[in-house]
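Open the model in your viewer and keep the selection tool ready. This tour tells you what to select next and what is there.

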Amino acid sequence: MSEFTVSRVPFGFIENSAHFNSVDFLGYLSFDHKLIFEYAYGKKKILIAFIQTDEFVWTSLPSSTFGGFESNDHTSLEPLIQFIELIESYFLQNTFAKLLKILLPPSSSGYYSPELQFYGLHSRGFKIENCNLSYCLPIKDGVEFDSLVSHGNLKRIRKCIRADLSSHEVSIEKLDIVYKIISLNRQFKGYPMTLSYSQLLQQAKLFQNKFKFFCSKIEGEIIASAIAIKITDKTLYILYWGDISEYRAFSPIVSLCKYIYEYCNQHKIDFLDIGTATLNKEPNFGLIDFKSDLGFEHNLKFTMQKVIKT
């Protein structure tokens, strides 16, 4: 016996779901028009949330790293396809929607079956609207970070050791300096901050068990910092990181990444996700090389869409 449910407010979701599909996060989103779908069959369930992003467009999920489906059934395809059919029918019968868009999680990164999601959508006529390269590193017991990085990065780590660099996890009280370092670094590189300091502080206070902050110091001065989100129990995602210009010759991000890798190992986190290195069809070759030289593996991150009404 299966049950299809639609709600405008978050309700009893799946235990250990990804942060962006959690009751708390979806409740936090302040969009006017929001729909949450759930499909239950036996003890299994699948869910997805959509936000209206234009008059005729609904998206899962805008302003998040990804949206897509969440489930405690990681192997079954048939109920997923049935669920997609029901969602399409609901939008056709109850809204003015013409286009559905779904931002899938990256493949092979510890999230709910991105490959199943992709194929389920593909079988229902969804097309690839966008594709990016995303970078993730599996955390393996007994595998040292130094063995994964390029020779050049190994030299940078040793240089930081000689300079007595130390890295630490820090509390939310340090968010102002952590954010400032990252903001200046991104400004220097021409990248925007997608969250203001006040927005980030608000989220960090609301989701204190999800946000993690790290920094590296030389002689007591913070010279590099990172902001991460524990998206699932098994995946830590680097939202931002950066260093200060005076110490750029040390490449302290490499040593900070090593510390975060070791942090994941100690806390039984299986994947470290450092996001994309492309923007639509525009590859950032320097960023691709940087992430690859840190030992991270590339995987695909799709945005799928379907015109359901013309």
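A crossing is left-handed if the near helix is turned anticlockwise from the far one by less than a right angle, and right-handed if clockwise. Keep that in mind for the helix stops below.

This is a predicted model: local features need pLDDT of at least 70, side-chain atom pairs count only at pLDDT 80 or more, and totals for chains, interfaces and linings use all residues. Residues are numbered from 1 along each chain as its sequence is written, and side-chain values use heavy atoms, with hydrogens and water left out.

**Whole chain.** Show the cartoon. The chain has 8 helices and 15 strands. These are DSSP runs, numbered from the N terminus: helices are H or I with at least four residues, strands E with at least two. Along its principal axes, the C-alpha trace spans about 65 × 35 × 35 Å. Of the 310 residues, 51% count as buried (buried means under 20% relative accessible area, exposed over 50%, partly exposed in between, with a 1.4 Å probe and protein chains only).

**First helix pair.** Select α2 (residues 78-94) and α3 (residues 114-123). They pack at an angle of about 50 degrees, with axes 9 Å apart. Axes are lines fitted to C-alpha atoms, for helices over the stretch in contact, and angles run from 0 to 180 degrees between N-to-C directions. α2 passes α3 in a right-handed crossing. Now show side chains. Leu 80, Ile 81 and Ile 84 of α2 meet Leu 116, Gln 117, Gly 120, Leu 121 and Ser 123 of α3 (contact means heavy atoms within 4.5 Å).

Go to α4 (residues 151-162) and α7 (residues 252-266). Their axes come within 8 Å and cross at roughly 90 degrees. From α4, Asn 153, Arg 156, Ile 157 and Cys 160 make the contact; from α7, Pro 252, Val 254, Ser 255 and Lys 258.

**A cis bond.** Which residues does a cis peptide bond join? Select Ser 60 and Leu 61: the bond joins them, with omega about -10 degrees. Leu 61 lies in the loop between β4 (57-60) and β5 (70-71).

**Two positive phi values.** Select Asp 164, in the loop between α4 and β8 (166-170). Its phi is positive, about 65 degrees, although Asp 164 is not a glycine. Asp 164 is exposed, with a relative accessible area of 61%.

Finish at Glu 219, in the loop between β9 (211-218) and β10 (221-232). Phi of Glu 219 is positive, near 50 degrees, in a residue other than glycine. Glu 219 counts as exposed, at 78% relative accessibility.
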